[in-house]
Amino acid sequence: MPFNLLKYGLSSDYPVEVDLPAPKELKSSYDVVIIGGGGHGLAIAYYLAKYHGITNVAVLEKSYLGSGNTARNTAVIRSNYLTSEGVRFYAESVNMFQNLSNEFDFNIMYSERGQLTLAHTDATVRAFRQRAEVNKHFGGRTEMIDRQQIRELVPSLNLDPGHLPVLAGLWHMDGATARHDAVAWGYAKQAAKRGVEIHQLTDVQDLVIENGAITAVKTNRGTIKCGCAVQAIAGHSSLMMAKAGIRSPIQTFPLQAMVTQPFKPFLDPLVSSSALHCYVQQTSRGEVVFGGGSDPYPLYNSRSTLDLKESLLAHAIEMFPFLANAKLMRQWAGITDMTPDYSPIMGLSPVENYYLDAGWGTWGFKATPICGKTMAELIASGGKVPDLIKPFALERFSRFQQVNEMGATAASH
Amino acid sequence: MKIMNCPLNGPRNISEFTYGGELKAMPDSATCSDIEWADYVFNSDNAAGVVTEWWMHTPSSYWFLAERHTVTDQIIRTFDPKEVFNQRVDFHANSTALKGVTA
């Protein structure tokens, strides 16, 4: 091996594997323009190329790949939602995640640790029973567990935090985590390999709509024509929708998260409690990630506030008292597009050939594969909405047919 | 700590306040279409810039209006709603009082 290394060190044609080709000039026209180069946008591009042979596709990203919420979420993968529509959709996503590393030939560090949600009230216990049954019905692995079982799963957890003793847990064995940046990079690499063009530092500033249909997008690098376009820009969905003249029910809130210094492995499952507004997990590097509820009022700014940190950490320390001595290493915030029913907005828009992948609030990362696959199907068919995402149409808000997942979020927002 | 100036109670910590949504005109529920009502209930401008919105000082349950920049988080002005609602609002009989409300 050292000889090989020496040989390549002296040779000028070291076999470098290039994941992304060097940037090119924009073409004047594409069949599909994808606005947003995060996990979702890149997944749509990949599945368009893989399953539908559509490769005249441009992914336009205003910053660098995965620079938005793809790299800011707390990387939780789970399907233990409340409604049939939600569980069916997210369960398919969990299935797809399990094989992604092989599919990409790129390690996304998928790690199936299980996710434990804590109930502190009788009402939550009742809701958990329903969630366990719905999840099992759609092939997921979820069950109710008692205090003794929780103690065995997570010995370091304080089961009697202050005024809110833990009554029971919802144990979701399919719960997992993965390296979120790697998911975006894997999709980017495989999409680029199939001929999709990925343009970073390309900001879509306006949309050209003629006779109710999209015909082009205006970017900081010139105007490009498109057969159709899809927006996948978590954090600014409603602003782009406004450019297309579409009213939206989205309200945009920051969500703050933070991470401690690394510890020896002590916490295997992902643990969350909506009563304590807190979810906790230990990464494969040993750091403990804390996520909580969104900020109390809307804002397009990822600034940090002391109020939220104090309340989040107070609850985290109630759950894991020994973390009181831990040092925080980093904190950050993501901008989340919250919908009134805590479900996404996917599918057709009032503008012809303009598709929506929006309103992903705090639940977008876990849906990346299935969202990419179903949106690609929608685009390739010219607007035939796949059954799996029909319930998430924008019109559900004018028909009063919401898909209520508010009770199934990891922390109340 | 971020301070908000309550028109009734003076400057207080922002944690004492509850956000109440954008100031928007209410259509007449008796005559408007379902689509108009749904738009009023669910949709919002969600603008990035200066917006006018409802806030409440929670301990005193006092509702007021604030102009706030949703990118910089700067609170520009807070004021009593009587600046906007300066005539009696009739919620029935084809009221137009609320339709004139704009930010």
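This is a predicted model: local features need pLDDT of at least 70, side-chain atom pairs count only at pLDDT 80 or more; totals for chains, interfaces and linings use all residues.
Local features require pLDDT of at least 70 and side-chain atom pairs count only at pLDDT 80 or more, while totals for chains, interfaces and linings use all residues. Residues are numbered from 1 along each chain as its sequence is written, and chains are lettered from A, with ligands numbered from 1, in the order in which they are written. Helices (H or I, at least four residues) and strands (E, at least two) are DSSP runs numbered from the N terminus.

- Chain B contains 1 helix and 6 strands, arranged along the sequence as β-β-β-α-β-β-β.
- Of its 103 residues, 11% count as buried; a residue is buried if 20 or more other C-beta atoms, placed from the backbone, lie within 10 Å of its own, exposed if 12 or fewer, and partly exposed in between.
- Among contacts in chain B with a separation of 6 or more, 47% involve residues 24 or more positions apart; a contact requires C-beta atoms, placed from the backbone, within 7 Å.
- The contact between the chains takes 20 residues from chain A and 14 residues from chain B.
- On the side of chain B that touches chain A, helix H1 (residues 34-42) of chain B supplies the largest share, 4 residues.
- That side of chain B comprises 6 nonpolar, 6 polar and 2 charged residues, where Ala, Val, Leu, Ile, Met, Phe, Trp, Tyr, Cys and Pro count as nonpolar, Asp, Glu, Lys and Arg as charged, and the others, Gly among them, as polar.

- H7(A) has 14 residues and spans 20 Å from first to last C-alpha, close to the 20 Å expected at 1.5 Å a residue; the expected span is 1.5 Å times one less than the number of residues.
- Because 12 of the 14 residues of H7(A) are buried, this helix is largely enclosed by the rest of the structure; Trp185(A) and Lys189(A) are among them.
- The buried residues of H7(A) pack against H2, helix H4 (100-104), strand E8 (197-199) and helix H10 (368-380) of chain A.
- The axes of H2 (residues 39-52) and H7 (residues 180-193) of chain A come within 8 Å and cross at roughly 30°; axes are lines fitted to C-alpha atoms, for helices over the stretch in contact, and angles run from 0 to 180 degrees between N-to-C directions.
- H2(A) and H7(A) are therefore roughly parallel to each other, a term for angles under 35 degrees.
- The contact involves residues including Leu42(A) and Tyr46(A) of H2(A), and Val183(A) and Tyr187(A) of H7(A).
- By class, the contact of H2(A) with H7(A) has 10 nonpolar, 2 polar and no charged residues.
- Gly195(A), with a positive phi near 105°, follows H7(A).

**Helix H5 of chain A**

- Helix H5 (residues 122-137) of chain A has 16 residues and reaches 23 Å from its first C-alpha to its last, close to the expected 22 Å.
- The buried residues of H5(A) include Phe128(A) and Arg131(A).
- Those buried residues pack against helix H3 (84-98), strand E4 (115-119), strand E5 (142-145) and strand E6 (168-172) of chain A.
- H5(A) is followed by Gly139(A), whose phi is positive, near 90°.

**Ser302 of chain A**

- Ser302(A) lies in the loop between strand E15 (287-294) and helix H9 (306-319) of chain A.
- Ser302(A) is partly exposed because 15 other C-beta atoms lie within 10 Å.
- The C-alpha atoms of Ser302(A) and Ala333(A) are separated by 4.9 Å, although the two residues are 31 residues apart along the chain.
- Not counting residues up to four places away in sequence, Ser302(A) touches Pro254(A), Trp332(A), Ala333(A), Gly334(A) and Ile335(A).

Technical notes
Two residues are in contact if their C-beta atoms, placed from the backbone, lie within 7 Å. Angles under 35 degrees count as roughly parallel, over 145 as roughly antiparallel, 65 to 115 as roughly perpendicular and the rest as oblique.
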